[in-house]
Amino acid sequence: MNQHYTLLFQLKGPMQSWGYRSRFDYRDTALEPTRSGVVGLICAAMGIARGENLSRFDVIRMAVRVDEDGRPERDYHTALNVIKADGSEGETVVSYRDYLADASFTVGLQSENKGLLDEIADALRNPVWPLFLGRKAFPLAVPPLRPDDRPEAGTLEDRLFLGDGKTRIALETQDGERTQNDWPVNFAERQFKPRSIQIRFSGGKE
């Protein structure tokens with residue numbers, strides 16, 4: 001059996017937004033960081049441009065432990081004189097933008113490719129471009145990794161399923177209870193494919 005390794009890192013900030021169904025005047029947020037959001041953050045850290053190939057990350061399995069749920073909040077933005085699609089006179093448009101306030105998450109990345117996880121860890125410590133939590137206006141409150149954090153042997157279940165059984169974990173599985181269209185294929189062309197997620201709780205692996 002091949003050896004699996006898992007890298008854990010923290011995403012914590014006063015505001016976070018992890019949209020996966022946003023359309024036009026409504027920007028939603030998931031209750032946990034999405035795969036597209038996490039891969040986007042890693043791409044910023046590694047200096048990978050929006051149109052570059054993302055297939056190197058397909059060997060990674062992801063999970064998110066919810067350390068602090070935070071609070072769902074909503075901002076309203078008003079834009080004046082927005083020209084209509086047919087080019088006619090503009091109108092006032094109100095848009096809605098959801099985000100999570102005071103949330104904290106532990107992201108786990110599992111792969112047999114330890115070299116890739118090491119590369120990601122090095123980039124998160126010394127990012128090429130600024131890191132943010134889903135939107136450029138939402139910075140991290142703390143660095144994602146401590147100086148001695150490295151990928152360690154074990155699966156997501158081995159590393160994340162600890163504690164009293166009350167902490168929610170969103171785990172990538174083949175036959176999960178929900179599907180999100182947030183597996184990024186190409187950021188420049190906004191191409192995504194579905195991903196299956198199972199919600200479990202720490203303290204039990206089943």
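Which backbone nitrogen lies 2.9 Å from a polar atom of the side chain of Gln-110? The answer is the one in Leu-156, and we will come back to Gln-110 below. The model above is predicted, so local features need pLDDT of at least 70 and side-chain atom pairs count only at pLDDT 80 or more, while totals for chains, interfaces and linings use all residues. Residues are numbered from 1 along each chain as its sequence is written, and side-chain values use heavy atoms, with hydrogens and water left out.

**The overall picture**

- The protein has three helices and nine strands, in the order β-β-α-β-β-β-α-β-α-β-β-β along the sequence. Helices (H or I, at least four residues) and strands (E, at least two) are DSSP runs, numbered from the N terminus.
- Of the 206 residues, 44% are buried. Buried means under 20% relative accessible area, exposed over 50%, and partly exposed in between (1.4 Å probe, protein chains only).
- Among contacts (heavy atoms within 4.5 Å) with a separation of 6 or more, 73% are between residues 24 or more positions apart.

- The expected span is 1.5 Å times one less than the number of residues.
- In α1, 10 of the 12 residues are buried, including Val-38, Leu-41 and Ile-42.
- Just after α1 comes Gly-47, with a positive phi of about 75°.
- Helix α2 (residues 114-125) reaches 17 Å from its first C-alpha to its last, close to the expected 16 Å.
- Asn-113 caps the N-terminal end of α2, with a side-chain oxygen 3.2 Å from the backbone nitrogen of Gly-115.

**Along strand β5**

- Gln-110 sits in strand β5 (residues 91-111), and it counts as buried because its relative accessibility is 6%.
- The side chain of Gln-110 also makes a polar contact of 3.3 Å with the side chain of His-4. A polar contact is a pair of N or O atoms within 3.5 Å; within protein, one must be able to donate a hydrogen and the other to accept it, and residues adjacent in sequence count only if both atoms are side-chain atoms.
- Phe-105 is another residue of β5, and at 0% relative accessibility it counts as buried.

**Salt bridges**

- The count comes to 17 salt bridges. A salt bridge is a side-chain nitrogen of Lys or Arg within 4 Å of a carboxyl oxygen of Asp or Glu.
- Arg-74 pairs with Asp-98, the closest N and O atoms being 2.7 Å apart. Arg-74 lies in strand β4 (residues 71-82) and Asp-98 in strand β5, so this pair ties together parts that are 24 residues apart in sequence.
- In that pair, Arg-74 counts as partly exposed at 39% relative accessibility, whereas Asp-98 counts as buried at 10%.
- Lys-114 and Asp-118 meet in a salt bridge of 2.9 Å, N to O. Both lie in helix α2, four residues apart, about one turn of the helix.
- Salt bridges that share partners join Lys-114, Asp-118, Asp-122, Arg-125 and Arg-150 into one network.
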